[in-house]
Amino acid sequence: MTSRQRSSDFARDLNSRAPRRRTVVKAAAATAVLAAPLAAALPARAAEAPVFLHGVASGDPLPDGILLWTRVTPDSRSIPGSGLGADTEVSWTVATDKAFTTIVAKGSTTATAASDHTVKADIRGLAPATDYWFRFSAGGTDSPAARTRTAPAADAAVPGLRFGVVSCANWEAGYFSAYRHLAARGDLDAWLHLGDYIYEYKSGEYGTRGTVVRPHSPANEILTLADYRTRHGRYKTDPDLQALHHKAPVVAIWDDHEFADNSWSGGAVNHTEGAEGAWTDRQAAAKQAYFEWMPVRPAIAGTTYRRLRFGKLADLALLDLRSFRSQQASTASGSVDDPDRTITGRAQLDWLKSGLKSSDTTWRLVGNSVMISPFAVGSLSADLLKPLAKLLGLPQEGIAVNTDQWDGYTDDRRELLAHLRSNAIRNTVFLTGDIHMAWANDVPVDAGTYPLSPSAATEFVVTSMTSDNLDDIVKVPEGVVSAIASPVIRAANRHVHWVDTDRHGFGVLDVTADRAQMDYYVVSDRTDPNATSSWVRSYRTRSGTQTVERTYDPV
């Protein structure tokens with residue numbers, strides 16, 4: 001049986017797993033070190049009263065509902081991953097106004113150590129395309145109040161949608177100013193996180209140009225359930241991340257660093273079987289912590305592939321390109337074209353093809369964690385190819401394909417693009433992160449003959465929020481590498497309209513019936529907590545064209 005024919009191994013109920021004994025013991029030891037700073041953060045008036053140190057969040061909007069999330073800290077012992085703390089009743093309230101005078105939903109549940117004292121409430125019965133406010137309460141303490149928004153009705157004629165788009169948020173490499181600037185807009189229907197919401201590395205292993213801007217927790221590489229919970233908890237203390245979660249619902253997928261670098265169904269480049277435990281245990285721990293700490297509904301087989309609809313204007317297919325993929329090819333010859341190798345898995349690819357074909361919306365958006373457009377890197381000079389290989393995690397001698405993205409699984413890509421062409425499926429837009437660069441691409445059926453070969457779709461790739469990109473690895477001033485590399489990349493990849501190899505930032509996707517437009521923004525300095533942001537470029541795809549063009553004003 002080939003890997004594409006295998007059914008998922010991940011149908012277990014991750015949220016019902018109890019912490020393993022070694023996880024609890026390790027977490028209990030860490031508590032002695034970390035409890036003091038947590039206690040200092042608690043209100044002086046009631047050091048043992050429940051508090052909401054990790055903010056609140058919402059996600060996966062539906063026409064009639066929204067998923068709400070928080071984490072309560074019952075007392076100073078109850079740090080994330082500790083396995084300690086009393087069962088705590090947590091209630092939630094949803095209202096149509098910030099003052100909570102018109103309440104439309106309320107309820108309660110019990111937060112326990114078994115779920116790391118995280119809470120989810122899947123609220124239904126709401127009105128479509130409507131702003132709501134929500135908050136949680138426990139032991140007389142209220143959480144911050146936050147805004148969320150439901151999706152339009154499935155049959156609604158929607159004039160426009162606007163999404164923030166981000167990826168690759170490395171805590172130790174800098175501050176999350178991009179989140180703050182997206183939160184300040186106040187015009188987002190939702191925001192998309194395309195993967196690498198957290199990073200798994202030990203402290204000091206992956207900072208900014210080799211320097212740790214701010215240390216994460218725990219200091220070790222995360223391996224156990226307690227580790228992953230602790231790292232998620234650290235991220236959720238970031239004020240800019242909290243601010244964005246308080247302003248709009250998130251729609252998130254995972255990539256590799258929510259597990260380990262260059263992960264696949266049976267392991268990862270950054271995992272040593274045995275010395276770092278069993279991959280199956282590590283993967284299960286990472287998934288459990290993710291679903292505990294993220295406002296994401298576990299979808300098919302406990303993964304992140306699922307579909308959301310936004311009226312008649314757009315549907316959004318969200319992919320899981322880690323749980324089912326074959327191991328990355330070690331060379332650029334032969335194996336990348338092996339039809340028995342897969343990035344999606346057979347079931348997910350069939351699900352994606354079926355959804356794209358049956359969709360009756362104007363636009364078909366695909367949340368895609370790694371780049372689908374072909375990228376020939378062999379034309380780069382040796383002084384650029386070697387650092388690019390380092391950035392992409394490739395062998396630094398002799399390889400000219402990034403085998404971690406769709407280039408390493410060409411049969412899946414060929415089948416998907418042929419499906420789009422043979423069924424005349426229009427207006428498919430891939431939204432991508434991972435590669436720490438910004439791109440605007442056509443997605444050609446045959447890159448070797450493009451532009452004679454037609455384009456089957458388009459792709460907007462957002463750069464990293466903080467993770468090192470090419471100029472950081474070469475250690476030259478921002479813009480120097482891009483000025484040299486971008487023309488070379490575009491000459492060898494004629495379907496690429498723009499690539500910025502150097503800057504950090506975010507995107508804003510604006511969709512109307514006539515076009516889908518991505519505005520690219522950069523932050524001034526990821527090491528500055530008060531960094532500013534500025535617009536740099538915009539590209540759009542007009543309805544029916546399947547090609548990208550530059551436009552000279554942001555929305």
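1. The charged end of lysine 236 is placed over the ring of tryptophan 69, at 5.0 Å from its centre. The model is a predicted one. A further contact of a charge with a ring involves arginine 135, which lies over the face of phenylalanine 100, 4.0 Å from the ring centre.

2. The count of aromatic pairs comes to 22. One of them joins phenylalanine 506 and tyrosine 521; this pair is stacked, with 5.1 Å centre to centre and 5° between the planes. Phenylalanine 506 belongs to strand β21 (residues 505-511) and tyrosine 521 to strand β22 (residues 515-523), so the pair ties together parts that are 15 residues apart in sequence.

3. Are the two partners of this pair buried or exposed? Phenylalanine 506 has a relative accessible area of 3% and is buried. Tyrosine 521, at 12% relative accessibility, counts as buried because the cut-off is under 20%.

4. One aromatic cluster is formed by Trp171, Phe176, Tyr179, Trp191, Tyr197 and Tyr235.

5. Strand β1 (residues 56-62) has seven of its seven residues buried, so β1 is largely enclosed by the rest of the structure.

6. How is β1 joined to strand β2 (residues 65-71)? The two strands run antiparallel, and five bridges join them. They form a hairpin, with two residues between β1 and β2. Within this pairing, valine 56 stands opposite threonine 70 in β2.

Terms used. Residues are numbered from 1 along each chain as its sequence is written. This is a predicted model: local features need pLDDT of at least 70, side-chain atom pairs count only at pLDDT 80 or more; totals for chains, interfaces and linings use all residues. Side-chain values use heavy atoms; hydrogens and water are left out. Rings of Phe, Tyr and Trp (its six-membered ring) pair if their centres lie within 6.5 Å; planes under 30 degrees apart count as stacked, over 60 as edge-to-face and the rest as tilted. Helices (H or I, at least four residues) and strands (E, at least two) are DSSP runs, numbered from the N terminus. Buried means under 20% relative accessible area, exposed over 50%, partly exposed in between (1.4 Å probe, protein chains only). A charge sits over a ring if NZ of Lys or CZ of Arg is within 6 Å of the ring centre and within 35 degrees of the ring normal. Two strands pair if DSSP finds at least two bridges between them.
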